[in-house]
Amino acid sequence: MLPGISPKDNILSAIEWREPWWLPCPMFDGSVKIVEHGLIEHRSEGVDDWGVAWTLKDPFSDGFPTSHPLKTLKDLDKYSPPQLPRGKIIEPVLEGIRRVNRKTSLIALDQGWGIFERAWLLVGGMPKLFLWSKLHPDAVNRLMDMVVEVKLEILEIILEEANFDIVMYGDDWGMEDRLLFSPEWWRRFLKPRHEKLYKAVKRYGALCYLHSDGCIEALIPELVEMGVDILNVQRECNDWARILRDFQGNLTLWGGVSARTLDRGTLDQVSAEVNECINLGRRGGVIMAPGHSLKYKGENIEAMKKAWIEKALYHN
């Protein structure tokens with residue numbers, strides 16, 4: 001948006017809280033390009049590489065899980081996690097990197113579904129996972145450790161061969177106004193395993209990104225300590241102004257334009273949310289994007305882009 005300033009330079013200024021020239025928005029300025037590996041984590045229709053079956057029920061939200069491989073505890077004893085050939089994992093990554101101009105864009109590796117989500121997808125729902133964690137905690141530990149091992153193996157295969165600026169994890173932990181579980185449950189089953197993933201990212205010198213739906217503010221102090229650099233959380237569920245104030249210089253927020261507004265809101269409501277993001281990100285620490293990766297009405301995306309083009313520039 002400014003001669004001599006690349007989108008990459010600008011977004012790094014935001015991440016480092018150095019007052020960016022404009023509010024970065026990868027969707028519109030190309031400041032981040034996301035690359036996926038070859039492990040198929042979900043499908044619109046069909047079976048993913050973990051053995052979960054998907055059916056397309058709503059074209060705007062993609063496939064819905066309909067069948068799960070771990071129906072009983074005995075199934076866990078017989079279950080084999082995905083073991084893809086190295087080439088199948090790395091080839092899509094290398095092809096994706098070849099298409100990116102690293103002078104203008106950061107490259108992010110999408111590491112797919114998180115530990116909690118993958119665990120409940122395998123067993124057949126959150127209630128069942130919570131029940132197993134109460135009655136059979138050792139089985140849940142085995143299940144989650146298996147997911148972590150797959151994630152770490154894929155990360156090592158890729159980062160030994162390719163250099164990434166950001167590694168992206170996602171794990172939905174929140175409802176609209178609270179966590180899906182107690183903080184104690186999270187600390188017992190999820191925190192130590194996510195910490196392993198984040199430490200591995202840091203060993204390779206990349207930034208760690210985490211997405212979660214819902215209200216997860218109670219966990220943010222620990223997430224920052226664990227190594228999360230960029231946090232994609234819904235602004236309608238979390239107090240962005242307070243988070244930016246409390247974690248200034250230590251955490252960048254990604255998102256800010258509500259999926260609900262992009263899906264059902266008016267053009268004026270979309271523009272208003274963009275303007276709020278622009279004001280929040282003036283000193284850094286904000287990367288604007290839709291709050292969730294869904295399919296939205298074209299006119300609302302255009303309204304988002306128009307408002308961003310008109311007002312996102314901080315410095316001439």
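Which residue in strand 9 is the bridge partner of Leu231? The bridge partner is Leu253, and the pairing that joins the two residues belongs to a sheet described below. The model discussed here is predicted, so that local features are reported only at pLDDT of at least 70 and side-chain atom pairs only at pLDDT 80 or more, while totals for chains, interfaces and linings use all residues. Residues are numbered from 1 along each chain as its sequence is written, and side-chain values use heavy atoms, with hydrogens and water left out.

Helices (H or I, at least four residues) and strands (E, at least two) are DSSP runs numbered from the N terminus, and two strands are said to pair if DSSP finds at least two bridges between them. On these terms, seven strands form an open sheet with parallel pairing in the order 1-5-6-7-8-9-10. Strand 1 (32-36) and strand 10 (286-290) each have a single partner strand and stand at the edges, so one side of each is left without a neighbour in the sheet. From one strand to the next the twist averages 25 degrees, where axes are lines fitted to C-alpha atoms, for helices over the stretch in contact, and angles run from 0 to 180 degrees between N-to-C directions.

Within this sheet, strand 8 (residues 230-233) pairs with strand 9 (residues 252-257) in the parallel sense over three bridges, and strand 7 pairs with strand 8, also in the parallel sense, over four bridges. In a regular strand the side chains alternate between the two faces of the sheet. Strand 8 is covered on both faces, with Ile230 and Asn232 buried on one side and Leu231 and Val233 buried on the other; buried means under 20% relative accessible area, exposed over 50%, and partly exposed in between (1.4 Å probe, protein chains only).

Helix 1 (residues 7-15) packs on the sheet and touches strand 1, strand 5 (106-113), strand 7 (207-212), strand 8, strand 9 and strand 10, its direction making about 60 degrees with that of strand 5. Contact here means heavy atoms within 4.5 Å. The buried residues in helix 1 include Pro7, Asn10, Ile11, Ser13, Ala14 and Ile15, and just after the helix Trp17 takes a positive phi of about 55 degrees. Helix 13 (residues 267-280) lies across strand 9 and strand 10 and runs at about 160 degrees to strand 9.

His211 is located in strand 7, where it stands opposite Asn232 in strand 8. His211 counts as buried at 12% relative accessibility, and, leaving aside neighbours within four places in sequence, His211 is in contact with Tyr169, Gly170, Asp171, Asp172, Asn232, Gly291 and His292.

His194 is placed in helix 9 (residues 191-203) and is buried, with a relative accessible area of 1%. Not counting residues up to four places away in sequence, His194 touches Ile115, Asp171, Trp173, Leu210 and Met226.

Glu222 is found in helix 10 (residues 220-226) and is likewise buried, with a relative accessible area of 12%. Apart from its neighbours within four places in sequence, Glu222 is in contact with Trp186, Arg187 and Lys191.

The table gives side-chain polar contacts of these residues; a polar contact is a pair of N or O atoms within 3.5 Å, of which, within protein, one must be able to donate a hydrogen and the other to accept it, and residues adjacent in sequence count only if both atoms are side-chain atoms.

| Side chain | Partner side chain | Distance |
|---|---|---|
| His211 | Asp172 | 3.1 Å |
| His211 | Asn232 | 2.8 Å |
| His194 | Tyr198 | 2.9 Å |
| Glu222 | Arg187 | 2.9 Å |

Strand 2 and strand 3 (residues 53-58) run antiparallel and are joined by two bridges, and the bridge partner of Val47 in strand 3 is Ala53.
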